[in-house]
Structure formats: C-alpha cells, structure tokens
Amino acid sequence: MSDFNQSPPSKDQLDLVYGLEDRPKPLIAFLAAFQHLLAIIVPIVTPGLLICLALGVSKEDTNMILSMSLVISGIATFLQSKKVGPFGAGLLIVQGTSFNFIGPIIGIGSAMVAAGTPVEAVMASIFGVVIAGAFIEMGVSQILPWIKKLITPLVTGIVVLLIGLTLIKEGLISMGGGYQAMSDKTFANADNLIMSCTVLALIIILNRIRITWVKSSAILIALICGYVLAGFMGHLDFSGLKDAPLVQIPTPMHFGLSFSWSLFIPMAFIYLVTSLEAIGDITATSKLSNQPVDGPKWMQRIKGGVLVNGANSFFAGIFNTFPSSVFAQNNGVIQLTGVASRYVGIWIAALLVILGLLPAVAGIIQAVPQAVLGGAVMVMFGAVAASGINILSGVHLDRRALLIIAISLALGLGVAQVPQILEHLPELFRNIFSSGVATGGIAALILNVVLPETKK
C-alpha cells in the first residue's frame, strides 16, 4: 500500500489510495474491480446486442457473441494492465466492445440481409473485415507520430461527433422497440415508450445523486429497474437460455470468414480514429495514475495500448465478436475511488472472462426488451457525440476550422439521411461513401490537408 507519510502530492497529481504498482489485499482488489465492472458491463455487451437484433441473428448465436464480447474484453484488459512484452500500457485500463463501429456494421449488414444474403454469410463478412481492419490499428501503433500529424484533433473531433450523431437514429429505433417491433406493428406503442422513458429518466435522476457508486453505476441500476418493470409488464423473453450450455466454449470462426469492401472502407477509417481516441484515454489514465504524460515512457505506454487495441480486435474477429477499444469510463472510477493499481485490472479481467464463459449471463442480458435497452443507449450514443464536441472544444475554431466542420458534418449527415444521393455513382464510390461517418471523415481529412492553416 502507498506510504501515507510521504510529502503531499503536487497540484498535478491525484492523491491516490493505491498507486499504480501497489497490490491491494484480495478483498479490497475484488471490491474495486467490482466497482469498475458495474460501470462497464452494459457498454461491453450493448454493441453486440444491438447489431445482432438489427441483423436478425438467432438467439443461440447472439448468446455466443455476447459471451465472447465479455471474454475478449477480459483478455484485452489483462494485457493492458499486466503488459506482456510490447503488448499493453501497464496501466489500470479496461477495454471493451467499441460503439464506434455499430453504425456501419448495422447499415451495411442490414443492406446485405435485405439483398438476400443469409445472416450467417453477412456475419462471416463482418468478422472478416474486423480481422483485416485490426492490422490497420496494429500498424498505426508503430507510426503514431506521423498519424497524429495527419489526423489532428479537428478531424478526430468531427469523426467522433459524426459517430454519435449517426447512432442517434439507432437509439430511437431501440426506444421504440427495435426492428422486430417495426415488422410486427408494435413500434413505439405505449408499453415500449413507458419502458424506454422510465430507464432514461432513471439514468438522469441517478446521475444527480451525490453518491459515488450510484453515479458510476447509473446505467446498470436503471437497466435493472427497467428489467423488473418489463417483467411486471410481461415482456421478458428467456428463450435464449433454453438450449444454452452450462459453459460457453470459444469456437473460432463459427460463421466462417468472408470479406466486404463496402464495409471495409468505413471500418478502416474508424479503426484509425479509434486509435487516436485510445491515445487520449490512455494519456488520461496515465495522468490519473501519477505517471508521465509525455516523453519516452509515455510513448511506450501509448504504443503498447494501441497495439492491444488492434491485436484484441483481431482475436475478436476470430472468436465471433466485434472490435474492442480502450474505455474511458474507468478513468472516472479511478478518480472517484483513488485506486489506480494495475493489479485491480487483472481482477477485472478475471471477472469478465468468468462471466463470459457462463452463457446464462448473456442469456439474462438478451432477455431484456429492446425498448428497455433503448433508454440507456440514447444516453450512451449521446455521450459519444458529446465526446466529439469535447474534443472540438480544445481546437482553435477559426474560420478555416468552422468551414471544415460545416462541410464535413453536412456531407456526413446528408449521406446518412439521404443515401439515395449515391445510387448513380460507380460501385467503388458507393462502397466508399455509403457510411456517413466515412464520408464526413474523409471530407474532414482532405480539407484539413488542402486548406492552409492561418498563420498565428
């Protein structure tokens, strides 16, 4: 445990109860890990659940995908905290399934299903692209200084904002009951709106309560309340548990492997942006852990962290789940608890893997009506957009920057809302610009390079 008789920390340092290399006793480590688990378990499984519901994946396969998302997140969290060779930042970092990829996967995957492609073949293409894209992120980890010059905070902020804004549509569809409710004419009926609005209201109320653990667990608590409400209203569906095994054995390439250029182009761009987001999150964790935020040691942590981002997305594709990235949520937990020990990260990793190997956990999560989930994802997707605004707030918004923001948002949101604008373009260009995030991001990247900066 840290020496409490040492001199007080400087202004820039957090007064930690357990520092980076401290080893808390098992009970304390478990409680600290459980606190992190409350903040992250819902965001880890939500992307996979939304994608599976949107594409019509069977309940059995959805159960496996959700289970593997927990297992893969646990492996990544272990590597980030433990640091194995060049892999990992050596900090208390939690990694989980990324929200950034939901939009293009649902958009292009749904189009493939609508065109008559079997769901299993669509999933094979998705996981093939997840594997291929992972190499981009692993490569980025080795050329970070050059990439940072090309993709500036202005470009990153625009892309993250676009990701959040384009996801709002999916959030509203979830609040109304999801794609299944659209097909059976129950979309946005009274029951669905009562469940989703109750969860949304609870998250707002719980975030105003001045109790640390309540605030950090607001989404989970609200979802549990929504779960109970759905039970009283007769909307829980446990059929996903019917044939679930006692233990989920990881099955590599369950759907096979295929590839789709139309999905790869937007995904490749998002992999680049996710790498840069990871730099910010790892730097924040380093600062909260009273570690350097510049210099060679910091750069080594950044490279190791981004490398795990990519490597774990590779394993995610192999084991039938979606790309993962560094989570920002755990930084808030570190700040609130004063526990920055990376050994707590190993406990978090163990809990995630254990939960992932128990299919009953994924089955219970899958039983929740999509309307209940919708109340929570609206907050999560809004938080992604707010994160983009936060990045842009640190940029000097002169006339050049505002012009780039205006054009990029107009093109990105325009394509997302009116995709028919692309229907007479050659197939290659349709594939490249079919995602609003890719269209707006590419516009931001080109304009940032082409338009000269105003000399200070």
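Biologist: In this predicted model, is the crossing of H6 and H17 left-handed or right-handed?
Modeller: The two helices in question are H6, residues 153-175, and H17, residues 399-417. Their crossing is right-handed.

Biologist: Are H6 and H17 roughly parallel or roughly perpendicular to each other?
Modeller: The axes of H6 and H17 lie 10 Å apart, and the packing angle is about 30°. Angles under 35 degrees count as roughly parallel. H6 and H17 are therefore roughly parallel.

Biologist: How do the residues of the contact of H6 with H17 divide into nonpolar, polar and charged?
Modeller: On the H6 side the contact is made by Leu154, Ile158, Leu161, Leu162, Leu165 and Thr166. H17 contributes Arg400, Ala401, Ile404, Ile405, Ser408, Leu409, Gly412, Leu413 and Ala416. The division is eleven nonpolar, three polar and one charged.

Biologist: How are H6 and H11 placed, roughly parallel or roughly perpendicular to each other?
Modeller: H11 covers residues 261-288, and its axis is 10 Å from that of H6, at an angle of about 115°. The range from 65 to 115 counts as roughly perpendicular. H6 and H11 are therefore roughly perpendicular.

Biologist: Does H6 pass H11 in a left-handed or a right-handed crossing, and which residues in H11 does H6 meet?
Modeller: H6 passes H11 in a left-handed crossing. From H6, the residues involved are Thr156, Val159 and Val160. In H11 they meet Phe269, Val273, Leu276 and Glu277.

Biologist: How do the residues of the contact of H6 with H11 divide?
Modeller: Glu counts as charged, while Val, Leu and Phe count as nonpolar. The contact divides into five nonpolar, one polar and one charged.

Biologist: How many disulfides are found in the whole structure?
Modeller: A disulfide is a covalent bond between the sulfur atoms of two cysteines. For Cys197, the closest cysteine sulfur is in Cys225, 15 Å away and too far for a bond. The search of the whole structure gives zero.

Biologist: Is Cys197 buried, partly exposed or exposed?
Modeller: Cys52 has a relative accessible area of 1% and is buried. The relative accessibility of Cys197 is 41%. Cys197 therefore counts as partly exposed.

Biologist: Is Ser325 buried or exposed?
Modeller: Ser325 is found in strand E2, residues 324-326. Its relative accessibility is 8%, and the cut-off for buried is under 20%. Ser325 therefore counts as buried.

Biologist: Which residues is Ser325 in contact with, leaving aside neighbours within four places in sequence?
Modeller: The contacts of Ser325 include Thr274 and Asn309.

How values were computed
Residues numbered from 1 in each chain as written. Predicted model: local features only at pLDDT ≥ 70, side-chain atom pairs only at ≥ 80, totals over all residues. Heavy atoms only, no water. Axes fitted to C-alpha atoms, helices over the stretch in contact; angles between N-to-C directions. Helix = DSSP H or I, 4+ residues; strand = E, 2+ residues; numbered from the N terminus. Parallel < 35°, antiparallel > 145°, perpendicular 65-115°, else oblique. Left-handed = near helix turned anticlockwise from the far one by under 90°. Contact = heavy atoms within 4.5 Å. Disulfide = S-S within 2.5 Å. Buried < 20%, exposed > 50% of the residue type's maximum accessible area, 1.4 Å probe, protein only.
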